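My notes follow in the order in which I looked.

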Amino acid sequence: MTEAAARVGKWAYPYRRPFTLGPHACEVLIRSGLAGNESTLSVDGKVVAGDFTPAVGEEGARNHRLETTLPDGRRLSVEAGYINWITIAIAARVDGELVHESHPGRTIAMPESARKMMSATGKSGDYDSGVWKRNRIPIGVDIALGLLFFMVAKLTDLTTAALVGAGVGLALLVAQRLTKIDLLGGLALFGIALLLLSAGFALAFQSDEAVKYRTTAIGLVSAALFFADGAMGGKRLSKRLMRYLPYTDIDPVRLGLGMGVLGAVMALANLVVALWTSTDTWLFYSTFADFPVTMVLIILVFRYARGETWRERMPRYRPAEARWQAADE
């Protein structure tokens with residue numbers, strides 16, 4: 001694993017952009033993770049170049065540059081980057097001449113609104129990148145549980161997948177207590193409670209259609225709990241969630257309120273997909289496709305929780321340290 005990949009940790013979503021140059025089969029693979037993006041360029045199955053950008057800050061908004069010399073001596077240069085909030089495109093040039101575009105005619109550049117958001121989110125002194133390293137195990141476990149649900153559901157049915165997920169969650173909680181290794185993160189008990197509620201829902205309504213709607217039901221319960229926690233000072237769920245986050249200037253009240261709204265929006269989005277699409281489409285959406293949407297919304301929540309929007313209202317922004325001091329007095 002490269003040094004950049006080690007920094008990013010577990011991947012969230014891969015973008016593959018294959019193309020050919022005469023007899024050569026080429027591919028750009030961009031892995032988008034919680035801590036940043038890493039790209040690699042392969043020629044005839046061999047990785048020949050790579051690049052990395054962090055998730056926030058000015059550096060995170062730039063395009064990737066991948067260059068190598070082809071066997072015939074010509075210079076291959078590939079530019080990779082976002083063309084909107086969620087889509088990554090590439091443009092390949094040989095000796096400066098354009099030979100391939102994954103999205104013809106599109107300018108490879110992050111939208112200005114996203115660029116400004118990333119730059120503001122990565123303010124010096126307010127970002128602790130070490131959080132990703134400290135939480136790499138629970139983040140990896142979260143991703144693994146999602147993939148487990150997807151695989152079990154494809155092999156059996158959604159009810160079985162929900163029950164397996166709850167059983168594995170309980171086993172991980174026991175293992176965490178025995179080994180003293182943080183496997184489930186700061187929201188371990190909260191997550192297990194939701195898994196058990198999900199399993200109970202699956203048992204009470206044993207059909208794939210019912211299990212599809214359980215995500216909306218559980219999402220609304222989670223949203224209500226986060227919103228209530230924020231309204232009461234953000235002393236429980238918000239404070240625990242902050243263990244996952246690299247920001248040192250979060251207002252826990254705003255974080256709880258924002259996460260409540262986020263949960264409600266995603267729950268309603270799941271309901272729309274469950275009502276109007278097939279089970280296979282819903283399964284793909286719930287495991288993979290809702291990630292980009294969630295990431296965009298969660299960035300907006302972080303901006304709100306850090307006082308970068310509506311700073312003096314709804315409610316007035318107060319840094320975490322001041323909030324905890326006030327709560328302790």
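Predicted model: local features only at pLDDT ≥ 70, side-chain atom pairs only at ≥ 80, totals over all residues.

**Cavity**

On a 1 Å grid over the protein atoms alone, a cavity is a set of points where a 1.4 Å probe fits but cannot get out, and lining residues have an atom within 4 Å of a point. I noted about 80 Å³ of space in the largest cavity, where a volume is the space filled by probe spheres set on the points, and the grid points are joined across faces, edges and corners.

Residues are numbered from 1 along each chain as its sequence is written, and side-chain values use heavy atoms, with hydrogens and water left out.

Which residues line the largest cavity? I listed I30, N37, T53, G60, R62, H64, A80, G81, Y82, I88 and M110. Strand β6 (residues 75-82) gives the largest share of this lining, 3 residues; strands (E, at least two residues) and helices (H or I, at least four) are DSSP runs, numbered from the N terminus.

**Hairpin**

I then followed strand β7 (residues 88-94), which runs antiparallel to strand β8 (residues 97-101) and is joined to it by 4 bridges; two strands pair if DSSP finds at least two bridges between them. V94 has E97 in β8 as its bridge partner. Between the strands of this hairpin there are 2 residues, and D95 takes a positive phi near 50 degrees.

**T216**

Is T216 buried or exposed? I read 7% relative accessibility for T216, which therefore counts as buried (under 20% relative accessible area, with exposed over 50% and partly exposed in between, for a 1.4 Å probe and protein chains only). T216 lies in helix α7 (residues 208-231), and T216 touches A267, N270 and L271, not counting residues up to four places away in sequence, where contact means heavy atoms within 4.5 Å. A polar atom of the T216 side chain lies 3.2 Å from the backbone nitrogen of L271.

**Loops**

In the loop between β3 (36-43) and β4 (46-54) I found D44, whose phi is positive, near 55 degrees. D44 counts as partly exposed because its relative accessibility is 45%. M314, in the loop between α10 and α11, has a positive phi of about 60 degrees although it is not a glycine, and a cis peptide bond with omega about -25 degrees joins M314 and P315.

How values were computed:
1 Å grid on protein atoms, 1.4 Å probe; cavity = no way out; pocket = protein on both sides within 12 Å on 5 of 7 lines; lining within 4 Å. Polar contact = N/O pair within 3.5 Å; in protein donor to acceptor, adjacent residues only side chain to side chain.
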